[in-house]
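Please have the model open as you read.

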Amino acid sequence: MKKRGIKYVVKKGNQFYPSEELKKIANITDPKIYTQAAKDPIKFWGDLAKEGLTWSKDWDKTYEEKLPYFKWFKGGKLNFSVNCVDRHLAHPEKTALIWVPEPKDEKPIKISYGELHNKINKFANVLKTNGIKKGDVVSIYLPMIPQALIAMLACTRIGAIHSVVFSAFASDALKARIQDGKAKILITSDGYYRRGKPENLLKKAKKAAKRTTVQKIIVVNRIGKKVRGRKFLDFDDELEKAESYCKPEMMNSEDTMFLLYTSGTTGKPKGVVHDTGGYATQAYWTCKWNFDLHPEDVMWCTADIGWVTGHTYAMYGPLLTGATTLVYEGGPDFPNPGRWWKIIQDHKVNVFYTAPTAVRMFMKIKQNWITKYDLSSLKILGTVGEPIDKKSWMWYFKTIGGSRCPIIDTWWQTETGGTLINTIPGIGPFVPTVSGKSFPGIKHVIVDDKGKPMPKGRQGFLAQTSPFAPGMLHGVFNNHKKYVDTYWKKFKTMYDTSDGAYLQDGLIRITGRTDDVMKVAGHRLATAEVENAIHDNRKVGDVAVVPMPDKMRGQVPIAFVVLKRGKPGKKLEQKLRKYVDIKIGPTARPARIFFVPDLPKTRSGKIMRRILKALLINEKPEGLMTLVNPTSVDKIKNIITENS
Ligand code: PRX
């Protein structure tokens with residue numbers, strides 16, 4: 001008999017609230033926290049940082065602001081790996097990580113805090129032996145395997161800056177990130193398993209590292225490929241040989257801990273800089289309050305470590321709170337669509353965090369693949385990455401949560417380091433499609449393009465006001481101008497999120513990006529990045545990429561190409577789509593490419609993507625007066641109709 005599970009929500013009127021059972025166990029339940037924090041947010045964060053983390057030296061100043069930069073806990077010292085692991089060693093046998101490999105004939109592995117400590121120390125020594133010092137950048141190009149976590153934490157132990165690159169990204173994308181960070185070491189694996197097949201990762205890694213600053217490539221043996229050459233080191237061999245203790249490097253709170261590249265409005269991804277103390281504070285408290293994570297809980301965040309969600313909620317947040325994190329290597333539906341749900345049953349997952357795109361995928365399958373599993377261990381369900389529609393929300397709530405678990409719709413960004421807008425489980429309410437309130441001690445406003453507050457309920461730009469959240473980015477790596485232009489140009493004294501939003505009964509509802517950034521299956525991509533990749537092909541004269549709404553993936557890129565040479569047709573379309581795979585990765589592959597004679601442009605040569613977007617969704621395009629070539633619009637419209 002399947003267990004029913006505790007009911008963590010109750011319905012009051014049209015809304016869901018935490019039940020008495022949830023309130024009894026929740027880390028925070030008093031809504032007064034919002035007003036208390038707002039009275040003195042700097043003191044509030046100072047108190048949280050002290051209570052939540054272990055510091056080796058107190059800070060002199062809690063917050064200092066010289067816009068566009070700001071500092072948290074200035075003068076304070078701490079080590080991040082000590083906070084994630086060493087301080088939980090009173091119970092060394094406690095499981096830190098459950099790793100589930102994709103192949104069914106391989107057994108899941110549990111790594112205790114004690115073992116993790118040992119491996120991190122050893123790998124930190126491996127890095128040191130290979131010349132890595134505090135402040136050096138280490139590139140990590142790994143799949144979802146325990147060594148990824150070990151490598152990342154080992155970097156933080158010695159104060160090296162990690163730069164993790166999504167393993168499905170192409171060689172060129174990795175190379176650009178290695179070059180920007182001037183990484184000395186690249187940590188990768190020979191491959192990984194995806195949908196039953198071993199994928200070769202090393203080939204891409206080798207190609208990317210050529211003619212860069214990379215001196216050594218440390219390779220995890222995952223699929224049994226032999227690696228030879230002076231440049232290569234075997235991850236496990238090196239670990240075996242290393243000394244078992246590495247003294248943690250005490251870092252300034254403000255020292256950079258990691259870089260993570262993300263897409264903006266230009267073709268070149270930017271290195272978002274995250275610091276140590278502020279990031280750790282936010283990762284810790286958002287895990288504790290937003291996911292109501294307790295040390296005895298198992299949290300499974302399905303995001304890949306190549307994305308910020310993977311950093312903060314698949315790795316760091318759960319460890320900072322002393323809980324257990326679950327990491328799964330492979331495809332969600334391998335060998336069958338029941339895989340994820342069986343994992344929740346087998347490992348008694350309490351907090352499950354995924355993206356709307358995954359929810360939409362599972363809504364479509366035979367529901368028995370889900371309902372046959374016991375999901376009664378679940379307490380909190382989270383969603384992130386794109387707006388979730390009501391139908392998907394309700395399905396997630398009923399089918400996965402058994403109408404028992406709150407859904408926490410977390411809004412945040414690579415730049416914010418941790419979740420910033422959502423409902424807190426112990427407080428509520430849980431409203432479909434609505435994210436909720438800003439985290440206590442943080443304030444967002446909805447404004448017009450001049451920064452003036454919008455009337456209540458009207459859609460506007462979402463901006464954050466001072467004091468800025470501790471987990472916020474501390475710049476764009478080696479690019480002050482880009483930092484200023486992207487986040488501070490529009491509102492000067494407020495952080496520009498580039499998202500649209502409106503207030504619904506005092507809660508924030510996110511409407512999506514207001515710039516040329518797409519969210520494809522939850523993955524962030526600039527239209528310009530895809531355009532650049534296509535443009536590189538010698539047959540292409542001009543190109544514009546726009547997102548089109550998609551039932552499954554949220555948005556998909558659609559390309560409009562003007563050819564310089566060659567013949568338009570299915571064959572060339574396939575070729576160009578493959579080309580994007582090679583340049584960026586399959587995530588960025590356009591769903592369709594339309595070959596057109598001309599692109600709608602203004603007198604100054606700006607492509608009017610807005611018009612292309614309207615044509616794709618069969619809306620009447622506006623602003624044709626500003627075009628130098630208004631006749632292009634009808635021609636494109638006909639091509640879309642004929643080829644759809
Ligand atoms: O547009 C917002 C959307 O994702 C963007 C940030 O993407 P990325 O840096 O890849 O980080 C994703 C995971 C933190 C935002 O600017 N977004 C994120 N969460 C939500 C969301 N849109 C609506 N609802 C959300 N909960």
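## An edge-to-face pair

Tyr 313 has a relative accessible area of 0%, so this residue is buried (buried means under 20% relative accessible area, exposed over 50% and partly exposed in between, with a 1.4 Å probe and protein chains only). Tyr 353 is buried as well, at 1%. Their ring centres are 5.7 Å apart and the planes meet at 80°, so Tyr 313 and Tyr 353 form an edge-to-face pair. Rings of Phe, Tyr and Trp (its six-membered ring) pair if their centres lie within 6.5 Å; planes under 30 degrees apart count as stacked, over 60 as edge-to-face and the rest as tilted.

Where do the two residues lie? Tyr 313 belongs to helix α11 (residues 308-320) and Tyr 353 to strand β20 (residues 351-354), so the pair ties together parts that are 40 residues apart in sequence. Helices (H or I, at least four residues) and strands (E, at least two) are DSSP runs, numbered from the N terminus.

## How the model is read

This is a predicted model, in which local features need pLDDT of at least 70 and side-chain atom pairs count only at pLDDT 80 or more, while totals for chains, interfaces and linings use all residues. Residues are numbered from 1 along each chain as its sequence is written, and side-chain values use heavy atoms, with hydrogens and water left out.

## Aromatic pairs across the structure

Searching the whole structure gives 45 aromatic pairs. In one of them, Phe 80 and Tyr 279 have ring centres 6.1 Å apart and planes at 45°, so the pair is tilted. Phe 80 is in helix α4 (residues 80-84) and Tyr 279 in helix α10 (residues 277-290), so this contact ties together parts that are 199 residues apart in sequence. Phe 80 counts as buried at 1% relative accessibility, and Tyr 279 is buried at 0%.

Ring pairs also link a cluster whose members include Trp 55, Trp 59, Tyr 63, Phe 468 and Trp 488.

## Charges over rings

The charged end of Lys 437 sits over the ring of Tyr 34, 4.7 Å from its centre. A charge sits over a ring if NZ of Lys or CZ of Arg is within 6 Å of the ring centre and within 35 degrees of the ring normal. Lys 490 lies over the face of Phe 461, 3.6 Å from the ring centre.

## Cysteines

How many disulfides are there? The count is zero, where a disulfide is a pair of cysteine sulfur atoms within 2.5 Å. For Cys 246, the closest cysteine sulfur is in Cys 155, 11 Å away and too far for a bond. Cys 246 is buried, at 1% relative accessibility.

Cys 405 is in no disulfide either, with the nearest cysteine sulfur, that of Cys 301, 17 Å away. Cys 405 counts as buried at 0% relative accessibility.
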